[in-house]
Amino acid sequence: MGISPYLKVIGRGRDGARALTREQAADLLGQVLDGFCTDLEIGAFCIAMRVKGETPQEMAGFLDAVAARMKHVPASDRPVVVLPSYNGARKLPVLTPLLGMMLARKGLPVLIHGTPTEDARVTSLEALSVIGTTPQRPDSVIESGRLHYVDTRELLPGLKQLLDVRRTIGLRNSAHSLVKLMNPVAGAALVVGSYTHPEYFESMAATFELMGSNAMLLRGTEGEPVADPRRTPRMDVYINGQVRLVDEGRSGPLASLPSLPRLIDPISTATYMRGVLEGLVPIPEPIVVQADHIVRACKAIEAAGDPSLLGPLTA
């Protein structure tokens, strides 16, 4: 029937718009992803949702539409740690690859998925390319102890196209939120979601609960799913949608700040990451803490959701 009936519901401004059901949201985004909509309709959808904001039910419907169309990465022997990397570095080095490589060294399979969304930022792929890591196909099994990078276009071309709408209208849209929530793995996985503002914490938390997700949620570094190396954020873990606060975080910066590279270009970032992994540079404490919580969360998933394996609450 097209998406115009949905636009009439969501496009009446912040006060007049109504929420879609989960099924309606899935149908709407499905038509967008399948290429059934004009550029004008897609722009109207993006602006309408930007003004109205997504409800957890709508976001769940969007995730349903993506899951029904996406190429899923095969299941691995252990839960795959999923690191969505879409924001890149603006002021601090992009250390999502460092977190991924640390987790791989601990024996976990790690998937970083992403695509550039802003030309001015340094991406995880650019830093990984300096180290010698190249993008993998989504049909490749990630062995335990290995890290794969998969481009969003390979997972779902329509999703990549929706993300690229930002380059035209200059604003984020619903796709930029759902890529931080989606699980591209056809099996056990832990999605590491990050937020930048408190309101996103509330909406992402509600969506993880509604979807029954296995996930970690924290305030990341400039939108990336890695703890700020200068301060330890609050960290929540969701096992089958049930939340547990595993770290309350610390207020203010660390007593001793880590030595970070002065430049954030790919070569400087890769050189820093090599130094950390070779033991020449201290690992930032917040990232060590985050990695330890992720390892425990994966063990809890392997033990059929045993929350005792998440460890004691850190004060």
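## Basis of the report

A residue is called buried when its relative accessible area is under 20%, exposed when it is over 50%, and partly exposed in between (1.4 Å probe, protein chains only). At 18% relative accessibility, Glu222 therefore counts as buried.

The model is predicted, so that local features need pLDDT of at least 70 and side-chain atom pairs count only at pLDDT 80 or more, while totals for chains, interfaces and linings use all residues. Residues are numbered from 1 along each chain as its sequence is written, and side-chain values use heavy atoms, with hydrogens and water left out.

## Two loop residues with positive phi

Glu222 is placed in the loop between strand S7 (215-221) and strand S8 (224-227). Helices (H or I, at least four residues) and strands (E, at least two) are DSSP runs, numbered from the N terminus. The phi angle of Glu222 is near 50°, a positive value in a residue other than glycine.

Asn240 also has a positive phi, near 55°, and is likewise a residue other than glycine. Its loop runs between S9 and strand S10 (242-247). Asn240 has a relative accessible area of 48% and is therefore partly exposed.

## Pockets

Rolling a probe the size of a water molecule over the atoms shows where empty space is left. The search uses a 1 Å grid over the protein atoms alone: a cavity is a set of points where a 1.4 Å probe fits but cannot get out, a pocket is an open set with protein on both sides within 12 Å along at least five of seven lines, and lining residues have an atom within 4 Å of a point. Grid points are joined across faces, edges and corners, and a volume is the space filled by probe spheres set on the points.

The largest pocket has a volume of about 720 Å³. It is lined by 36 residues, and those closest to its centre are Arg50, Arg172, Ser177, Thr196 and Tyr200. Two or more lining residues come from each of helix H4 (39-52), helix H5 (56-69), helix H11 (174-178), S6 and helix H12 (198-211). H12 gives the most, with five residues. By class, the lining of the largest pocket holds ten nonpolar, 14 polar and twelve charged residues. Here Ala, Val, Leu, Ile, Met, Phe, Trp, Tyr, Cys and Pro count as nonpolar, Asp, Glu, Lys and Arg as charged, and the others, Gly among them, as polar.

The second largest pocket contains about 360 Å³ of space. Its lining has 17 residues, with Arg219, Gly220, Glu222, Asp228 and Arg231 nearest the centre. In this lining, two residues are nonpolar, six are polar and nine are charged.

## Cavities

The structure holds two cavities of 30 Å³ or more. The largest cavity has a volume of about 70 Å³. Of its 14 lining residues, Ser85, Tyr86, Thr115, Pro116 and Thr123 are closest to the centre. The lining of the largest cavity comprises four nonpolar, seven polar and three charged residues.

The second largest cavity has a volume of about 30 Å³. Glu222, named above in the second largest pocket, is also among the residues that line the second largest cavity, together with others including Gly88, Leu92, Thr221 and Val226. The lining of this cavity divides into six nonpolar, two polar and two charged residues.

## Aromatic pairs

The structure holds three aromatic pairs. Rings of Phe, Tyr and Trp (its six-membered ring) pair if their centres lie within 6.5 Å; planes under 30 degrees apart count as stacked, over 60 as edge-to-face and the rest as tilted. The ring centres of Tyr195 and Phe201 are 5.3 Å apart and their planes stand at 55°, so this pair is tilted. Both Tyr195 and Phe201 are buried.

Phe208 and Tyr238 form another tilted pair, at 5.5 Å centre to centre and 45° between the planes. This pair links distant parts of the chain, since Phe208 is in helix H12 and Tyr238 in strand S9 (residues 235-239), 30 residues apart. Phe208 counts as buried because its relative accessibility is 1%. Tyr238, with a relative accessible area of 1%, is buried as well.

## The surroundings of Ala188

Ala188 lies in the loop between strand S5 (185-186) and strand S6 (189-195). Its relative accessible area is 39%, so Ala188 is partly exposed. Ala188 and Ala75 are 113 residues apart in sequence, yet 6.7 Å apart in space, C-alpha to C-alpha. Apart from neighbours within four places in sequence, Ala188 is in contact (heavy atoms within 4.5 Å) with Arg78, Pro79, Val80 and Ile301.
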